[in-house]
Each structure stands twice: as structure tokens, then as C-alpha cells.
Amino acid sequence: MKQVARWFAGGDGDPSLQKKRMVRRSLAVWLALVALGWFWLIPAYTSAQDKKPEEAKPASTEAPKPAEAAKPAEQAPAPATRNDPGGVKTGDVTILGEVNVADPGAPPDPKDADYANLKKAYDEKKKAFDEFQEMNKREPLAAKVAAAVGKNRAGINMTWTLITGFLVMFMQAGFAMVETGLCRAKNVSHTMAMNFMIYPLGMIGYYVCGFAFMFGGFGSAPTLGGPPVMDGVWSVGGWNLIGTKGFFLQGEFYDMSVFALFFFQMVFMDTTATIPTGAAAERWKFSAFMLYGLALGTIMYPIYGNWVWGGGWCSQLGSKLGLGHGTVDFAGSSVVHLQGGVIAFWFAKMIGPRVGKYNKDGSVNVIPPHNIAMCVIGTFILAFGWFGFNPGSSLAGTDLRNAASVVNTMLASATGALAATMWIWKVRGNKPDTSMMCNGMLAGMVAITAPCAFVGSFSACIIGLISGILVVEAVFIVERKLKIDDPVGAISVHGVNGLWGVLSVGIFADGSYGDAWNTVPGTVKGILFGDAGQLGAQAIGALACITYMTIASIVVYKVVEVTVGNRVSAEVEVEGLDVPEMGAMGYCGMVMDKASESPVSR
Amino acid sequence: MKKVEAIVKPHKLDDVKTALTQVGVQGLTVSEVRGFGRQKGHKEQYRGAEYTVDLVPKVKIEIVVADGAVAAVVEAITRAARTGEIGDGKIFVSALEGVTRIRTGEKGEAAV
């Protein structure tokens with residue numbers, strides 16, 4: 001054991017080579033494990049998953065009677081492919097308005113704990129299926145029309161999901177603009193590179209195992225005509241914790257409804273991933289950032305995502321404990337923004353403030369942004385992308401409540417921007433600060449992200465108003481009281497307002513939408529409309545998010561610290577990260593005014 | 001020969017250039033600089049943190065003139081760059097040791 005530990009630590013001898021050896025050896029072992037997983041464990045596991053439904057059926061034909069042996073074609077069960085990689089079978093008989101006429105499959109096992117409910121659901125499905133088969137025989141044209149309607153419905157919903165997902169992808173550009181504009185010119189190439197690289201990096205991690213952890217046990221994507229192939233989950237005592245199926249989107253996950261869901265969820269994950277790059281900007285090593293990016297897509301984000309969106313325990317609080325509809329988060333105030341904000345908080349805290357930000361007596365120096373125009377353009381790009389982020393989360397173009405999501409998003413962004421501007425102008429300072437206006441609009445949109453489909457327009461205005469005030473106060477508290485250097489305000493915009501957003505569902509949801517959300521009958525109501533349990537579920541979900549993400553952030557940060565180190569040296573930071581980290585200046589050929597880029601102090 | 005360095009407000013550069021060409025100056029060098037004088041700076045706020053704006057953008061014009069022309073040049077710059085407000089700038093005159101034209105190798109007054 002000691003010899004193994006010594007080998008990992010780089011052996012004895014020359015200390016300058018030791019660190020290099022240690023990093024190389026750890027990476028080599030890690031890569032070997034990944035290769036092992038890729039070529040052996042994962043294919044073995046996914047093929048074992050696919051075998052299970054087929055194993056159940058042949059048992060019934062093990063003992064064929066002699067008279068029936070002459071008809072082997074009718075005896076053999078149909079192969080249990082439930083997925084639709086070609087996208088041609090989906091919608092034909094799977095969705096037809098409110099009635100699902102898909103094949104109900106095998107009857108439930110009487111030994112199952114939940115047999116009564118499962119049997120009831122199975123009987124309903126079987127009845128609908130049998131009725132459809134009857135109608136198919138009597139009126140084939142009606143059946144064909146019904147199938148076409150179902151197919152079109154799936155098509156509309158999938159188009160909606162994909163197009164709104166494209167808008168969310170464009171938010172990557174918005175984040176890149178905002179973050180780079182608020183940092184200094186000497187770090188342009190590096191900040192942009194982080195915001196650029198997080199997009200493919202998170203994507204790959206999410207494809208490899210993130211989506212499987214998050215949606216492995218989700219069931220089906222009903223609006224997309226999805227067959228119920230997402231049925232691999234690990235639970236403890238009936239509480240679902242993590243998905244176990246769908247690595248590399250192989251096996252039954254090779255289905256078009258699953259692919260559309262994967263794409264949509266992946267761009268949301270990328271939004272989370274790009275939040276901490278702003279908080280730790282201007283002093284974060286690129287290699288450390290890349291390790292974080294992989295960790296986020298594979299492990300950090302999907303776990304809590306499963307708990308709220310993937311059928312995990314937070315969403316089960318309603319059906320199991322009667323707390324409203326469980327943790328309800330329409331488009332991700334907690335899953336996306338609060339998670340990102342908590343990571344941003346801990347990374348900014350642990351990596352430390354930028355050189356020159358704080359004086360010895362604790363007073364704050366101003367490090368002005370180098371391009372406010374970039375910040376404003378980026379904010380508008382984000383606002384545009386949010387029109388995909390919020391209404392797209394219904395995953396249904398046929399869901400007319402999307403109009404409410406859009407209007408609420410707009411209103412909250414407006415009141416957020418106005419409130420932040422007025423607060424910092426009249427209450428807190430003497431000039432309306434452009435970067436704070438932008439943060440205010442973003443804060444409004446972050447806060448409305450969870451409740452957008454559940455609240456009325458007036459509530460949306462109030463939510464935005466409060467978020468505008470919260471973001472200004474949070475910036476002051478984080479920078480001055482907590483002494484955490486956050487160049488772009490990521491903690492205040494995403495962390496604080498993500499928390500406010502997820503709690504506001506439990507306050508302002510007015511019961512006009514959300515029937516059967518998280519399998520709980522009835523629409524989603526907040527405490528102001530009669531359901532105090534909803535606020536409780538929201539609080540539990542928020543607490544779970546903060547707790548889990550705190551642990552995950554600290555663990556990942558420490559692991560990266562031990563392998564490659566997180567922070568660049570002071571000389572590199574003062575010179576600017578562009579040349580030392582990325583190899584070339586971002587603004588090569590432009591004269592950079594040294595007097596304006598160094599911290600401006602009292 | 002004397003070197004005349006004038007630090008003026010950036011928006012006055014065109015007026016000063018015109019005045020100098022009218023006086024007969026045949027070459028000048030312009031650079032963008034920052035600085036402060038007796039008025040120091042004033043306090044501003046960015047996202048709630050206070051800071052002092054004391055380095056103000058200015059333009060520095062450097063001209064080399066013959067001894068006899070110094071007074072006319074200084075008067076021309078002063079007339080053109082004056083606004084009457086604080087921060088109009090200053091003019092420094094210093095003695096020059098030597099001048100060389102790089103293309104021909106001429107030295108002294110002929111090189112100006």
C-alpha cells in the first residue's frame with residue numbers, strides 16, 4: 001500500500017519532477033479506468049439492461065402444448081424493442097389526445113409493493129388499448145386519422161423542444177459576452193476560452209453519464225410521444241436517488257423522444273456549467289477549469305437534477321409525504337441557477353480574491369469592467385435565450401400555457417432591471433450603474449424561471465421587483481461583508497435569486513396550471529392560494545440543493561487543487577492570463593492603458 | 001533648439017494642430033496620456049464600492065522649434081487650447097541637445 005501511495009505521489013528524488021510525475025501517473029490511471037468503463041463495463045451493463053424484458057417473456061412459452069407446436073410464429077413473443085431510433089413509429093398509437101393507447105405491456109407483478117395502483121393503471125391502459133383495437137377493426141379510417149393526429153402532435157412538441165433548445169444554446173454566447181465584458185482586457189482570451197470550452201466539455205460529460213444519472217429513471221417523455229424506456233433507477237426505501245440507465249444513450253435510449261429530451265436537458269446543463277466561470281474568472285487555471293467542467297457534466301449537476309426533474313426524491317415529496325406537488329421547478333431556478341450559484345460561491349471563496357481587490361484594512365478596490373457594451377449585448381442575448389429557457393420547459397408546443405411563461409419572463413425581467421436600477425441609484429448610490437441594470441434584468445429572469453408557468457402576471461412583476469432589490473443587496477453583502485470577490489456578480493444573480501425563485505413557487509403559484517405535476521392530482525398552488533405544503537417542499541428542495549452542491553463543490557475543488565492546482569501565480573495574474581495560459585493576447589495590437597486596468601482604490 | 005511639450009484636453013487637439021500649422025510648425029508628435037494637476041480628482045461609485053477618478057485622459061503634443069520661434073508657438077498653443085475651465089493643461093519648454101533627420105543624416109537646425 002505504501003509503495004502504491006509513493007508511486008502515485010511521484011516517487012522519491014527530484015522534487016521538481018515529482019509533481020509532474022504525480023499528475024501524469026494519476027491521469028494515466030484515470031484514463032485507464034475510463035477506457036475500462038467505455039469498452040467493457042458500460043456495454044456489458046447496457047446489454048444486460050436490454051436483456052431483462054426479453055427474459056420475462058420466453059418463460060411463458062417454455063412448455064408449448066403439442067397441438068400448438070405447429071404454429072411457432074404465433075407462439076414466439078414479439079421482440080421487446082420499445083424505442084424508436086428511426087422516429088417513425090412514435091405517435092402512431094402512442095399519444096392520442098389525453099388517451100394513451102400504447103400497448104400496456106406485461107401486467108404488474110402481484111408481489112410488487114405498489115400492486116394496487118399499478119394494477120389500476122394497467123387496467124386503464126389495457127382498456128384504452130383494447131378499445132382502440134376494436135375501433136381499428138370497425139373504422140380503419142378513423143384509426144388512421146387518430147394515428148396521424150398523434151404523430152402531428154408529437155411532431156409539434158418535438159419541434160418546439162428543439163427550437164427552444166437552440167435558443168438556450170445561444171445563451172452560451174450571452175454568458176460569454178457578459179462575463180468577458182465585466183472582466184479586464186488583459187484576460188479576454190482566457191475568459192472567453194472558459195466560456196467557450198464549457199459548452200463542449202459539459203456536453204461530453206453529460207452524454208457519457210450525466211443524462212443517465214439524471215433521467216435514467218424518468219419513465220417516458222409523454223409530450224414527445226415517448227415510450228417508457230427510461231426505467232433504470234436506484235432507490236432507497238422507495239425514494240429515487242439516481243438514474244442507472246442510458247449511458248452514452250445506448251440500448252433502449254436510442255429513441256427520438258429521448259434524444260430530444262437529452263438535447264434540451266444538455267443545453268440547460270451547459271447553462272449551469274458556465275455560471276461559476278464568471279465567479280472564478282481572472283485567476284483560474286485553464287486546466288483546473290477543464291477538470292471542473294468534466295466533473296459538472298458527469299456528476300455534480302445530474303444528481304440534484306435527478307432529485308427534482310428526473311423523478312427523484314425531491315419530486316416525490318408530494319406523492320409520498322403530501323407536501324404539495326413535491327419540489328416544483330418549472331425551468332430550473334434551483335436545478336440550473338441555484339446549483340450554479342452555490343458552486344460559484346464556493347469556488348470564488350476558496351480560490352480567493354483577485355490581486356489588489358482588497359486592501360489590508362479590508363476596504364474594497366474597484367476593478368472596472370473593460371467593455372460595458374459587451375455586457376449589455378450579452379444581457380440581451382441572454383434575455384432572448386430565456387424565451388427558450390422558460391417556455392421551452394413545457395416540452396410541448398401544444399401546451400398553450402407557454403404564453404404565460406413568456407409573458408411572466410418578460411415582466412419579471414423588466415421589473416428586475418427597473419428595481420435594480422432605482423435601488424442602486426436612489427437608495428444606495430448616486431448614479432444608475434449600467435452593469436447593475438444588466439444584473440437586475442438577469443436576476444429577474446433567474447427568479448421567474450421556476451414559477452413562470454404557475455403564476456399570474458402581477459405576481460411575476462412582484463417576483464422580478466424583489467429580485468432586482470435582492471441582487472443589489474447581495475452584491476454589496478458578498479463583496480463587502482463576506483469579502484468574496486465575484487467579478488461578474490454570479491453569486492448574487494444566480495445563487496441568491498435562484499433561491500428566491502424556487503421559494504416563490506411556494507408563495508405565488510395560483511393554481512391555474514400544473515394538474516398532475518409529479519403525479520400529484522390538482523394544480524400547483526402556493527401559500528397565498530391555500531397550499532402551505534408546497535412552500536415546505538420548495539424549502540426542502542432548496543436546502544437539499546445547497547447542501548449537496550456545497551459538498552460537491554468543495555470536494556471537486558479540493559481534488560483539482562491536489563492534482564493541478566486551481567489558482568494561477570500572482571505574477572501571471574498581474575500580467576494577465578491571456579499570454580501565459582492561452583498563448584496569445586485577446587486584443588493583440590491594441591494599446592491597453594495600464595493606468596485604467598489596475599485596481600482603482602480610494 | 002527647444003522642445004515644447006504641451007498637455008491639452010483631447011478635444012482641443014484639432015484646434016491646436018491648426019494653430020501650429022498657421023504659425024509655421026512643420027512637424028509634431030501626439031500621444032495619449034493620463035494625468036492630474038492641482039484639482040486632483042473626484043469620487044465615484046461602481047457597484048457600491050467607492051473609488052477616486054484622478055487620472056484624466058489628456059493629449060500630449062511634442063514639437064521641436066528653433067529658439068526664436070518658441071514664444072510664437074507657446075502663444076499659439078495657449079490661444080488654441082484655452083477653454084477657461086480647470087484642466088486646460090500646461091506647456092513645458094526644455095533645451096534640446098541635438099536633432100538628426102534619419103533619411104538624410106542632417107543634423108542641427110536643418111533637421112527640424
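Domain bounds here come from an automatic or database domain assignment. For chain A, that assignment gives domain 1 (88–138) and domain 2 (151–596).

Before you click around, a word on the model: it is predicted, so local features need pLDDT of at least 70, side-chain atom pairs count only at pLDDT 80 or more, and totals for chains, interfaces and linings use all residues. Residues are numbered from 1 along each chain as its sequence is written, while chains are lettered from A and ligands numbered from 1 in the order in which they are written.

**Stop 1: chain A as a whole**

Colour the two domains of chain A separately; their C-alpha centres lie 38 Å apart. Now switch to a cartoon view. Chain A has 20 helices and two strands (DSSP runs numbered from the N terminus: helices are H or I with at least four residues, strands are E with at least two). Of its 602 residues, 50% count as buried. Buried means that 20 or more other C-beta atoms lie within 10 Å of a residue's own, exposed means 12 or fewer, and partly exposed is in between, with C-beta atoms placed from the backbone.

**Stop 2: helix H11 of chain A**

Select residues 333–351 of chain A, which make up helix H11. How many of the 19 residues of H11(A) are buried? The count is 18, so this helix is largely enclosed by the rest of the structure.

**Stop 3: A:Met194**

Next, pick A:Met194 in helix H6 (residues 188–215) of chain A. A:Met194 counts as buried because it has 29 C-beta neighbours inside 10 Å. Leaving out residues up to four places away in sequence, A:Met194 touches A:Thr277 and A:Phe289 (a contact means C-beta atoms, placed from the backbone, within 7 Å). Show A:Thr274 too: it is 80 residues from A:Met194 in sequence, yet 8.1 Å away in space, C-alpha to C-alpha.

**Stop 4: where the chains meet**

Bring chain B into view. The contact takes 17 residues from chain A and 10 residues from chain B. On the chain A side, helix H14 (434–449) and helix H15 (457–481) are the elements that give two or more residues. H15(A) gives the most, with three residues.

**Stop 5: the sheet of chain B**

Four strands of chain B form an open sheet in the order S2-S5-S1-S6, with antiparallel pairing; strands pair if DSSP finds at least two bridges between them. Strand S2 (29–35) and strand S6 (89–95) of chain B stand at the edges with a single partner strand each, so one side of each has no neighbour in the sheet. From one strand to the next, the twist averages 25° (axes are lines fitted to C-alpha atoms, for helices over the stretch in contact, and angles run from 0 to 180 degrees between N-to-C directions).

Zoom in on strand S1 (residues 2–8) of chain B, which seven bridges join to S6(B). Which residue stands opposite B:Glu5 in S6(B)? Look for B:Phe92. Helix H2 (residues 70–81) of chain B packs on this sheet, touching S1, strand S5 (56–65) and S6, and its direction makes about 5° with that of S1(B).

**Stop 6: a hairpin in chain B**

Finally, select strand S3 (residues 42–46) and strand S4 (residues 49–53) of chain B, antiparallel and joined by five bridges. B:Lys43 stands opposite B:Thr52 in S4(B). The two strands form a hairpin with two residues between them, and B:Arg47 in the turn has a positive phi of about 50°.

Note on methods: Expected span 1.5 Å × (residues − 1). Contact = placed C-beta atoms within 7 Å.
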